[in-house]
Amino acid sequence: MSRTVVFILAGGVGKRLSLLTRFRAKPAVPFAGRYRIIDFTLTNCIRSDIDQIYLLTQYRSPSIVRHIGIGKPWDLDRIDGGIRSLHPHLGFQAADWYQGTADAIYQNISVLREVECRNILILSGDHIYRMDYRLFEDFHERSGAPASLSVVEVPRSLCGEFGIATIDSKGVIRKFEEKPMATKSNLASMGIYIFRKDFLISTLERLKKSIAGLDFGRHVMPYLVKRKKISAYRYNGFWLDIGTLKSYYSASLALLAKRPRLNLYGETTPVITVPDDNPPLVVSKDADIDRSLICNGCMIQGTVSSSILSPGVIVERGARVENSIIFHGTHVGRGATVKNVILDEGVLVGRNATIGEGDPSVANRLQPEYLDFGLTVIGGKTSIPSGMRIGTNCLVCGSQDNGYVPGGKIEDGGYILADDIQL
Amino acid sequence: MILAGGTGKELSVLTRHRAKTALPFGGRYRIIDFVLSNCAHSGITDISILAQYSPKSLIYHIGMGKPWDLDRKTGGVFILQPAYQGMVANWYQGTAAALYQNIDVIRDSGAEHVLVLSGDQVYVMDYREMLKQHVSSGSGVTIAVKEVSPSQRFRFGMIRCTRDGVVTDFEEKPASSSFRYASLGIYLFEKNLLLDALRPDRFDIVFDLIMPFLETGRVSCYEFDGYWEDIGSLRSYFNASMRLLNNRLLLSTPGWPIYTRGSDLPPARIAGGSHVVDSILADGCVVEGEVIGSILSPGVRIEEGARVEESIVFSFSRIGPGAHVSRAIVDKHCSIGPGSLVGTGGHEPGSADGRQRTEGLSHISTKLTVLGKGARIRRGEMVPSGVTIEPRYRPGRMETV
């Protein structure tokens, strides 16, 4: 009997990533050029000798399913086990969308009953970290508790963004507060749990009777804490929950530091993703590249500094790209300037267009809560006309048919979204 | 049938421990990727690779053929090596001999035509066009040819043909030749004709199979006008590689990606204060120094203050701080110590400038420095231009070839 079966929660909407998750699920958002966010979790699984994985998808699931396929790149195409995707489905009893994180597991309780294992590891598909889950399992077995939560220390100033656990001397969680204003502990929940299988089933069945939209943080945790059934495992490495546009942008650019906290260049265990068939990076004679990560299939004739370029990006002569993140297959035309911008997949930036320069104190008018720190986001397939000027804190997305956006000028904090785009 | 058994002696230490067809090319590829990708894109999915010299690197690279979509229920890609088959137990002693030893593979296939290719050539070609002409001409054998200038004819098998494309004569590497067309070593046979022609005492495709057949008038040529290079020598390898810097089309023909075994390495990282121009970099490279007019395979590290120009560096080699590498081919897992000089001696000033290089290819005829796999160059050591370093060379026992 295998010790552990994994359920990965990958169904959330990721609304705070604005245009980036308009057409894809958060786990499928590109990161560090060639990866998708979920690659980190899948790599952790396979490096931890876990090969039975269920992926709970819901929002924009094709973006995830098409990336993962049969799991071949991660060696997860197995005779027995491997990776399987569980989407909300019709059945005799439950027939509904997943209403919460624990509800998603509950709706697949028949799968849970069938799998042969001692423990269930519950992961999230939108975290960036390198973790050996075997250490977490070992802790769980030793602790004797029927459930364990992985926690990580965070700066006190950030405690308001996490679920914060307070533990006793034996490591049992005695208090759990969601996004507290002030608290003594600084141990943040990573949203990663191990349950003894039978205990998880009985807990979910009991709670489901009285609670709709069952959520691990809001419902399951308080229930377990009250009964002293859950211990905390302290994880010490780098961990990041990509929540907002701001955290996505800053975490990405942090990779460019001389010694980044997340080191992708260790020779022994690279992060695994779907291989591509692009030619290598081609740098031409006039190019000027500084402090950047650039993938296969890119062609650089212009200037690129402090930026991350996914596969297949073309930067033409005289174009300048600075502090920007550019996704797959985007084309920056001659003389264009792209500064503090995320360009999604398949964008065309016309000649001499200028994007992202302006006054960062003017928040975006449509989504001021997400976009007020000096970043402009251009949605996938958008075609920016030649000479167009777009300020900072702007959101622009062209028609998904032909990329059309009217030319001219977009002031700081402005937005243009095609009729078929709603945020 | 892909012929991949040659020893590639002319490639010096680069082929000491690997088959020529598995030689890295263009950063992330191996030479055989081109022929395999041509097959995959041409809809050919029943492929045998006839290998015998140092096949390990080739076997590891090909695996079960997944990267080329050649892991098939029927057909796929197979590496066939000389085998003990009861009556005969021989190495492949020639191109036709290699085919003869696998005659049952040819006979048992359901194919009507047999395409014989070379695994050590770099080109992009749709074999369906060749097949179309072969079928419509009613020929028994079709040979792909290319027009070459008189000065280059000594390198090739030269072909004379009539205006209708019927081959009438053949000269192997003539000192000079009036024939305009060079054979590209790409042959399409009618299967039954090939089966009849193969005999235990026939070793060479050209001399023993095709020449005797010329008089029937059923040997045609198919003219190919794209880029084609045979990687026969260090010089042709270096030239073909450097050509990629000016002409990327070979690697990025629309609708014709070159497939290869992917790596899981992160993107190329170009650090602050580095300088990269006119170069090709595969994934996983980390550049803190200068890279000019060079090609880097996956996972190469160029440390601070190092300078690499007009060079080819294979996977996971490391150029230490302040080291200079010029006009060199550095095989994989080499380590070049801080401040050492590789290939810089006897170098006229200014010739490393990218512009001069591209204007006059003649510079390339100056001596190349070649470092075998896993060589270590000590801190501050100097390896003069034109020197070849043995694989796994360690400081203190310099053996130059």
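**Burial, pairing and contact in a predicted model**

Q: Why is V271(A) called buried?
A: In this predicted model, V271(A) has 22 other C-beta atoms within 10 Å. The cut-off for buried is 20 or more. V271(A) is therefore buried.

Q: Where is V271(A) found?
A: V271(A) sits in the loop between α8 (245-254) and β14 (281-283) of chain A.

Q: What makes D264(B) a contact of V271(A)?
A: Two residues are in contact if their C-beta atoms lie within 7 Å. D264(B) is listed as in contact with V271(A), leaving aside neighbours within four places in sequence. Y35(A), D39(A), F40(A), T43(A) and L264(A) are also in contact with V271(A).

Q: How far apart are V271(A) and T183(A) in sequence and in space?
A: They are 88 residues apart in sequence. C-alpha to C-alpha, V271(A) and T183(A) are 35 Å apart.

Q: How many residues does the contact take from chain B and from chain A?
A: It takes 28 residues from chain B and 28 residues from chain A. On the chain B side, β14 (268-270), β15 (275-277) and β16 (279-281) each supply at least two residues. By class, that side has 15 nonpolar, 7 polar and 6 charged residues.

Q: What makes β14(A) and β16(B) a pair?
A: Pairing needs at least two bridges between two strands. β14(A) and β16(B) are joined by 3 bridges. They therefore count as paired. The two run antiparallel. In β16(B), I280(B) stands opposite V282(A).

Q: Why is strand β6 of chain B said to be largely enclosed?
A: Strand β6 spans residues 113-118 of chain B. 5 of its 6 residues are buried, so the rest of the structure largely encloses it.

Q: How do you know that β1 (residues 2-4) of chain B pairs with β6(B)?
A: The strands are joined by 2 bridges. The cut-off is at least two, so β1 and β6(B) pair. They run parallel. L117(B) in β6(B) stands opposite I2(B).

Q: In which sense do β6(B) and β11 (residues 181-190) of chain B pair?
A: They pair in the antiparallel sense, over 4 bridges. H113(B) has E190(B) in β11(B) as its bridge partner.

Q: Which residues touch the most other members of the largest nonpolar core?
A: They are V6(A), L56(A), V151(A), V349(A) and I159(B), out of 247 residues. Among the residues in contact with V151(A), beyond four places in sequence, are A165(A), L187(A) and Y235(A).

Technical notes. Residues are numbered from 1 along each chain as its sequence is written. Chains are lettered from A and ligands numbered from 1 in the order in which they are written. This is a predicted model: local features need pLDDT of at least 70, side-chain atom pairs count only at pLDDT 80 or more; totals for chains, interfaces and linings use all residues. A residue is buried if 20 or more other C-beta atoms lie within 10 Å of its own, exposed if 12 or fewer, and partly exposed in between; C-beta atoms are placed from the backbone. Ala, Val, Leu, Ile, Met, Phe, Trp, Tyr, Cys and Pro count as nonpolar, Asp, Glu, Lys and Arg as charged, and the others, Gly among them, as polar. A nonpolar core is a set of buried Ala, Val, Leu, Ile, Met, Phe, Trp, Tyr and Cys residues joined through C-beta atoms within 7 Å.
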